[in-house]
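Subject: Structure for you to look at

Hello,

Please find the structure below. My notes on it follow.

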Amino acid sequence: MIWLRELDESDRSRLFRWRNLHEVRRWMYTDHMIQRDEHDRWFASALIDPSRKYWIIMHDEEPIGVVNLIGLGNVGDTCSFGIYLGEQRARGTGAAKIALEKALQYAFDVRSLPCVAAEVLQGNRKAERLYEQVGMRSAGKAVLAPGGKAAKRYEISRQHWLQLHTQGGSVI
Ligand SMILES: CC(C)(COP(=O)(O)OP(=O)(O)OC[C@H]1O[C@@H](n2cnc3c(N)ncnc32)[C@H](O)[C@@H]1OP(=O)(O)O)[C@@H](O)C(=O)NCCC(=O)NCCS
């Protein structure tokens, strides 16, 4: 079973390892090898910042990845998400789709957000396919990511989410 649990102190080293994997890092806006002190500062703020929420994606009792929402500060704002699978064996299993749907369900059902967005670096077909599978649409906007890389913005509105899930039933 795929489920989400909240990030906690026990995840500090795991995330340091996962986030520096080439297959994860290459698709992030910040793509340098992260040093331990930089990670520790980031991790400490991720645990307490109320505008961000991080979950560990669990396969039964095994941690396999991370999904997060960022920009939860103001009621009515669009927030964005990030997702990666840190354990290679979890790729191509459908786990990411289930995890992303659970994060979107939290955004729309618990936080009542109007819209959730994500940006994808050009060439990241796995991520594009995943976002399209959960009902996101390309907003047709090219974004210039830091470092001059090209990216594409995807969005899903609360209205579209509700349409999909009243027709297709609950995702949990
Ligand atoms: C983006 C990312 C999370 C997608 O992971 P993924 O393994 O492709 O996604 P899923 O777990 O949903 O699996 C989907 C694949 O499993 C297959 N699959 C197998 N069983 C499945 C099932 N029961 N249900 C759904 N899909 C299934 C699908 O056909 C699909 O394969 P395909 O990609 O060849 O079409 C992963 O590639 C990753 O971590 N990338 C690095 C970080 C990154 O790019 N993050 C996004 C930008 S922030």
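Two residues are in contact here if their C-beta atoms, placed from the backbone, lie within 7 Å. Leaving aside its neighbours within four places in sequence, valine 67 by that definition is in contact with Leu4, Trp55, Ile57, Phe81, Ile83, Ala99, Leu100 and Ala103. Please keep in mind that this is a predicted model.

Overall fold

The protein has six helices and seven strands. Starting from the N terminus, their order is β-α-α-α-β-β-β-α-β-α-β-β-α. The radius of gyration is 16 Å, close to the 16 Å that the globule rule gives for 172 residues, so the protein is as compact as a globular protein of that length. The C-alpha trace spans about 45 × 40 × 35 Å along its principal axes. Of the 172 residues, 22% count as buried. Among contacts between residues at least 6 apart in sequence, 55% join residues at least 24 apart.

The core

Val67 belongs to the largest nonpolar core, which has 34 residues. The members that touch the most other members are Trp55, Ile57, Val67, Ala103, Leu104 and Ala107. At least two residues of this core come from each of helix H1 (12-19), strand S2 (52-59), strand S3 (62-70), S4, H4, strand S5 (115-121), H5 and strand S7 (150-157). H4 gives the most, with seven residues.

The ligand

Which residues are the closest to the ligand? They are Trp27, Gly94, Ala96, Lys97 and Lys126, out of 20 residues that surround the ligand. Helix H2 (22-25), strand S4 (79-85), helix H4 (95-110) and helix H5 (125-133) are the elements that give two or more residues to this shell. By class, the shell has ten nonpolar, five polar and five charged residues.

Strand S6 (residues 137-144) is hardly covered, and the count of buried residues among its eight residues is zero. S6 and S7 run antiparallel and are joined by five bridges. In this pairing, leucine 144 stands opposite alanine 150 in S7. The hairpin has five residues between the two strands, and glycine 147 takes a positive phi near 90° there.

Regards

Methods
Residues are numbered from 1 along each chain as its sequence is written. This is a predicted model: local features need pLDDT of at least 70, side-chain atom pairs count only at pLDDT 80 or more; totals for chains, interfaces and linings use all residues. A residue is near a molecule or strand if its C-beta atom, placed from the backbone, lies within 6 Å of it. Helices (H or I, at least four residues) and strands (E, at least two) are DSSP runs, numbered from the N terminus. Ala, Val, Leu, Ile, Met, Phe, Trp, Tyr, Cys and Pro count as nonpolar, Asp, Glu, Lys and Arg as charged, and the others, Gly among them, as polar. The radius of gyration is taken over C-alpha atoms; the globule rule is 2.2 Å times the number of residues to the power 0.38. A residue is buried if 20 or more other C-beta atoms lie within 10 Å of its own, exposed if 12 or fewer, and partly exposed in between; C-beta atoms are placed from the backbone. A nonpolar core is a set of buried Ala, Val, Leu, Ile, Met, Phe, Trp, Tyr and Cys residues joined through C-beta atoms within 7 Å. Two strands pair if DSSP finds at least two bridges between them.
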